[in-house]
Amino acid sequence: MEIVTIRVPLPDRYLSPNARVHWAKKAKAAKRAKEEGFFEAKLAGVTERTHSWTSATMQAIFTHAVRRVRDADNHLAMLKNVIDGVTAAGLMVNDSGISPLPVKFEVGPDEGVTLIFARTA
């Protein structure tokens with residue numbers, strides 16, 4: 001089983017489905033998130049030649065500095081642009097082949113999101 005792990009900063013709050021923000025601010029945050037996903041995937045060694053998977057599972061582990069109740073569905077939705085960047089880097093043929101596993105939350109000083117992609121076919 002092939003596994004690719006990347007680490008990105010926490011998504012901007014403007015990317016939350018509950019955010020009520022000007023479209024330009026949201027677009028800027030979305031572009032930045034996509035670029036982060038792209039470059040972190042490239043740093044992890046992802047190329048279209050070596051990857052281009054058709055299906056994979058994705059485990060998202062969010063690390064926050066403060067323990068509180070968090071909405072897993074919203075956190076997963078905030079990763080859409082990061083996943084688009086990882087797909088653009090060549091990990092997947094199409095992001096429709098990604099099956100997300102339940103989101104996990106951790107508390108720690110190093111805030112961010114660890115994404116673990118495991119090839120399934």
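The following legends accompany an overall view and several close-up views of a predicted protein model.

**Figure 1. Overall view of the predicted model.** The protein contains three helices and five strands, arranged along the sequence in the pattern β-α-β-α-α-β-β-β. Its C-alpha atoms fill a box of roughly 40 × 30 × 25 Å along the principal axes. The radius of gyration is 14 Å, which agrees with the value near 14 Å for a compact globule of 121 residues. Of the 121 residues, 40% are buried. Among contacts between residues at least 6 apart in sequence, 87% join residues at least 24 apart.

**Figure 2. Strand β2 and its pairing partners.** Strand β2 spans residues 56–64, and eight of its nine residues are buried. With strand β5 (residues 112–119), β2 pairs in the antiparallel sense over eight bridges. The pairing of β2 with strand β3 (residues 98–100) is parallel and involves three bridges. A parallel pairing also links β2 to strand β4 (residues 104–107), here over four bridges.

Figure 3. Residue M58 has P100 of β3 as its bridge partner. For Q59, the bridge partner is I116 in β5.

Figure 4. Residue T50 belongs to the loop between helix α1 (23–43) and strand β2. Its relative accessibility is 47%, so T50 counts as partly exposed, a class that lies between the limits of 20% and 50%. The side chain of T50 forms a polar contact of 2.7 Å with the side chain of T47. A polar contact of 2.7 Å also joins the side chains of T50 and H51. L91 is 41 residues away from T50 along the chain, yet their C-alpha atoms are separated by 8.4 Å.

Figure 5. Residue T87 is part of helix α3, which covers residues 80–88. Because its relative accessible area is 15%, T87 is classed as buried, the limit for that class being under 20%. Leaving aside residues up to four places away in sequence, T87 touches M92, V93, N94, D95 and I98.

Methods:
Residues numbered from 1 in each chain as written. Predicted model: local features only at pLDDT ≥ 70, side-chain atom pairs only at ≥ 80, totals over all residues. Heavy atoms only, no water. Buried < 20%, exposed > 50% of the residue type's maximum accessible area, 1.4 Å probe, protein only. Helix = DSSP H or I, 4+ residues; strand = E, 2+ residues; numbered from the N terminus. Pairing = 2+ DSSP bridges. Polar contact = N/O pair within 3.5 Å; in protein donor to acceptor, adjacent residues only side chain to side chain. Contact = heavy atoms within 4.5 Å. Rg over C-alpha atoms; globule rule 2.2 N^0.38 Å.
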